[in-house]
Amino acid sequence: MDTKQAKHKFGIIGNNFELNRAIQVALQVAPTDISVLINGESGTGKENIPKIIHQNSKRKHNPYVAINCGAIPEGTIDSELFGHEKGSFTGAHDHRKGYFETANGGTIFLDEVAELPLSTQVRLLRVLETGEFIKVGSSKTQKTDIRVVAATNVNINIAVRNNKFREDLYYRLNTINIQLPPLRKRKEDILMLFRKFATDFSEKYKTTPLHIESAASKVLEEYSWPGNIRQLKNFVAQLCIIEKQRIISEETLKNVLPVEKKNSPMLIDKEEKSELSEREILYKVLFDMKKDITELKKITFDLIERNSGTDIIDTDSYPVLKEVQDNISSSIISTNEKQRKNPLEIEESLSLFEQEKKLIEKALKKYKGKRKSAAKELGISERTLYRKLKEFDI
């Protein structure tokens with residue numbers, strides 16, 4: 001099965017490069033039993049990737065079970081996954097097989113895996129490492145032959161740092177990582193998806209097909225779609241049922257599309273935000289602090305220059321200086337002659353852009369140009385490194 005066939009079989013619409021790449025990786029890894037971790041925002045279609053993997057593996061004739069880890073209460077998740085013995089807890093009136101037992105020989109898809117409790121993560125790690133599990137309320141070890149594919153819409157690196165996700169489990173799941181792009185990065189696919197959904201809903205609801213004006217299509221492409229494909233699909237369904245005019249205009253779209261909040265966290269690119277390393281964040285904080293201090297230095301320096309014939313600066317006119325003058329005036333007075341002649345040169349060239357470029361160059365030099373190793377050292381994806389190299393012209 002190639003990429004085109006996979007998209008046709010599983011109803012995947014679009015020609016975006018990153019989307020095609022994700023499908024290609026899924027097809028390449030399918031024949032193996034390697035664990036796969038899928039990253040992507042809610043509504044990007046992560047559930048299609050494990051289906052592609054299962055259907056192109058040697059397990060395709062065995063069970064495929066999809067589990068939403070965030071939808072199962074914490075108190076019953078262990079029982080759902082691993083089963084329980086009769087009387088093991090209140091309400092356990094009989095023996096029960098868990099998914100890891102019933103799906104033996106097949107594939108389990110753990111959606112929203114980051115929602116698993118830490119105690120369950122320990123059990124899952126044991127299954128991945130040894131193929132063994134123990135039912136709730138039992139002391140007997142059981143074997144299972146399961147391939148695990150997991151997905152999440154959160155940054156697990158941050159969850160690991162916050163002790164909400166086990167680091168060893170993360171590395172065990174993340175043998176192969178597949179990243180699905182958000183819809184706002186697939187602008188070339190939005191109109192195609194709109195037309196597909198419009199056709200499907202017109203057939204389902206027996207309505208006249210929707211058509212969209214050229215200007216309106218631009219509105220669709222520029223909208224951020226924080227809910228991604230799921231939001232677009234629901235939006236088209238709404239238009240099919242409610243709108244009397246079957247030719248959708250720009251004005252109609254602007255009236256019915258949800259208002260975008262400029263500062264809404266939903267509009268922040270989660271992928272780019274997650275790729276900021278702790279060092280980069282620290283640099284930014286330090287640079288902002290340095291900038292503030294430098295501004296104070298410049299103000300004080302100018303005042304000292306203007307008051308060079310007097311012994312006292314009127315700090316009452318400058319409340320901010322009253323607090324900091326004792327700490328910084330002496331250091332500014334003692335700066336070298338070059339700084340005195342040109343106080344604007346006091347600020348060092350320490351922009352985040354330059355520091356980020358230096359870090360990348362250093363990593364590339366360390367690993368003799370090997371981008372994969374450099375990206376791992378920097379704590380960013382290889383694809384992000386490629387983008388940075390182009391941005392910095394390295």
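This is a predicted model: local features need pLDDT of at least 70, side-chain atom pairs count only at pLDDT 80 or more; totals for chains, interfaces and linings use all residues.
K58, with a relative accessibility of 63%, counts as exposed. These two residues form a salt bridge, in which the closest N and O atoms are 3.5 Å apart. The D33–K58 pair links distant parts of the chain, since D33 belongs to the loop between α2 (17-29) and β1 (36-39), whereas K58 belongs to the loop between α3 (48-55) and β2 (64-68), 25 residues apart.

A further salt bridge is formed by D145 and R59, whose closest N and O atoms are 2.8 Å apart. D145 is located in the loop between β5 (141-143) and β6 (147-152), while R59 is located in the loop between α3 and β2, so this pair ties together parts of the chain that are 86 residues apart in sequence. The two partners are classed as follows: D145 counts as partly exposed at 42% relative accessibility, whereas R59, at 4%, counts as buried. D33, K58, R59 and D145 are linked in a network of salt bridges.

The model contains 13 salt bridges. Among them is the one between D168 and R166, with the closest N and O atoms 2.7 Å apart. Here D168 is partly exposed, with a relative accessible area of 31%, and R166 is also classed as partly exposed, at 29% relative accessibility.

Turning to the strands, five of them form an open sheet in the order β2-β3-β6-β1-β7, and the pairing is parallel. From one strand to the next, the twist averages 20 degrees. Within the sheet, β1 and β6 pair in the parallel sense over four bridges, and the bridge partner of L37 in β6 is A150.

The helix α2 lies across β1, β6 and β7, and runs at about 150 degrees to β7.

How values were computed: Residues are numbered from 1 along each chain as its sequence is written. Side-chain values use heavy atoms; hydrogens and water are left out. A salt bridge is a side-chain nitrogen of Lys or Arg within 4 Å of a carboxyl oxygen of Asp or Glu. Helices (H or I, at least four residues) and strands (E, at least two) are DSSP runs, numbered from the N terminus. Buried means under 20% relative accessible area, exposed over 50%, partly exposed in between (1.4 Å probe, protein chains only). Two strands pair if DSSP finds at least two bridges between them. Axes are lines fitted to C-alpha atoms, for helices over the stretch in contact, and angles run from 0 to 180 degrees between N-to-C directions. Contact means heavy atoms within 4.5 Å.
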